[in-house]
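Here is a short briefing to read with the model open beside you. Take a look at the structure first, and then follow the topics below.

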Amino acid sequence: FSFVNPTSGTAIGVKHGACAHGMMLEVQSDDYAETSQQFFLGRHGLILSKKCLGLVLSTEGDCGTLSESLVLRTYMLNEERTKWKMGSGGEIESVQCPGAVIHAIPGLILAIPTQSERSGLIWRLENVRL
């Protein structure tokens, strides 16, 4: 699937280049065929990258700051920072940082506390041909 913001027509994508632990995510123009925008939903709330096999979506930090950067990291068993919950309203919430949802601003993907301005917080999971 891909994460598409229905308001802006943008998607979450892996930055271009070689895959590596700690690789950043970015806002990209929605492109159904772009491998960097394709993910798998794994067990226990893991979100795995199709482009970077073995790497999962993760927060960085310890929830102590206003926002947490999102990166791809090597999967490690029982790490809360790599687990996510899909909300019924289209938000994607961090298990490690309850109340923090994925938010996109130009050039960055962050996990931030839920706000009243929701346009950058709502994502639609779109099935893609893998």
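Two strands pair if DSSP finds at least two bridges between them. Strands (E, at least two residues) and helices (H or I, at least four) are DSSP runs, numbered from the N terminus. By that rule, strand 1 and strand 2 (residues 10–14) are joined by 2 bridges and run antiparallel. Please keep in mind that this is a predicted model, in which local features need pLDDT of at least 70 and side-chain atom pairs count only at pLDDT 80 or more, while totals for chains, interfaces and linings use all residues. Residues are numbered from 1 along each chain as its sequence is written, and side-chain values use heavy atoms, with hydrogens and water left out.

**The chain as a whole**

- The chain has 0 helices and 12 strands, and along the sequence it reads β-β-β-β-β-β-β-β-β-β-β-β.
- Of its 130 residues, 44% count as buried; buried means under 20% relative accessible area, exposed means over 50%, and partly exposed is in between (1.4 Å probe, protein chains only).
- The chain exposes about 6,500 Å², and carbon and sulfur atoms supply 55% of that area; accessible areas come from the Shrake-Rupley method with a 1.4 Å probe, and for residues only the protein chains shown count as cover.
- Among contacts (heavy atoms within 4.5 Å) between residues at least 6 apart in sequence, 49% join residues at least 24 apart.

**Confidence**

- The mean pLDDT of the chain is 80, and 76% of its residues reach 70 or more; pLDDT is the predictor's confidence in each residue, from 0 to 100.
- Confidence is highest in strand 5, at a mean of 93, and lowest in strand 12 (residues 124–126), at 60.

- N5 sits in strand 1 and has T10 of strand 2 as its bridge partner.
- N5 counts as buried because its relative accessible area is 3%.
- The side chain of N5 makes polar contacts with two backbone nitrogens, that of T7 at 2.8 Å and that of S8 at 3.2 Å. A polar contact is a pair of N or O atoms within 3.5 Å; within protein, one must be able to donate a hydrogen and the other to accept it, and residues adjacent in sequence count only if both atoms are side-chain atoms.
- The hairpin of strand 1 and strand 2 has 4 residues between the strands, and G9 there takes a positive phi near 75°.
- G9 is partly exposed, with a relative accessible area of 36%.
- Leaving aside residues up to four places away in sequence, G9 touches S29 and D30.

**The aromatic cluster**

- A pair of aromatic rings is described by the distance of the centres and the angle of the planes.
- Rings of Phe, Tyr and Trp (its six-membered ring) pair if their centres lie within 6.5 Å; planes under 30 degrees apart count as stacked, over 60 as edge-to-face and the rest as tilted.
- How many aromatic pairs does a search of the whole structure find? There are 2.
- F1 and F3 form an edge-to-face pair, 5.0 Å centre to centre with 90° between the planes.
- The rings of F3 and F39 have their centres 5.5 Å apart and their planes at 55°, so this pair is tilted.
- F1, F3 and F39 form one aromatic cluster, and their relative accessible areas are 12% for F1, 0% for F3 and 1% for F39.

**Positive phi in two loops**

- Most residues other than glycine have a negative phi.
- H44 has a positive phi near 60°; H44 lies in the loop between strand 4 and strand 5 (47–49) and is exposed at 63% relative accessible area.
- N78 has a positive phi near 65°; N78 lies in the loop between strand 7 (68–74) and strand 8 (84–86) and is exposed at 61% relative accessibility.
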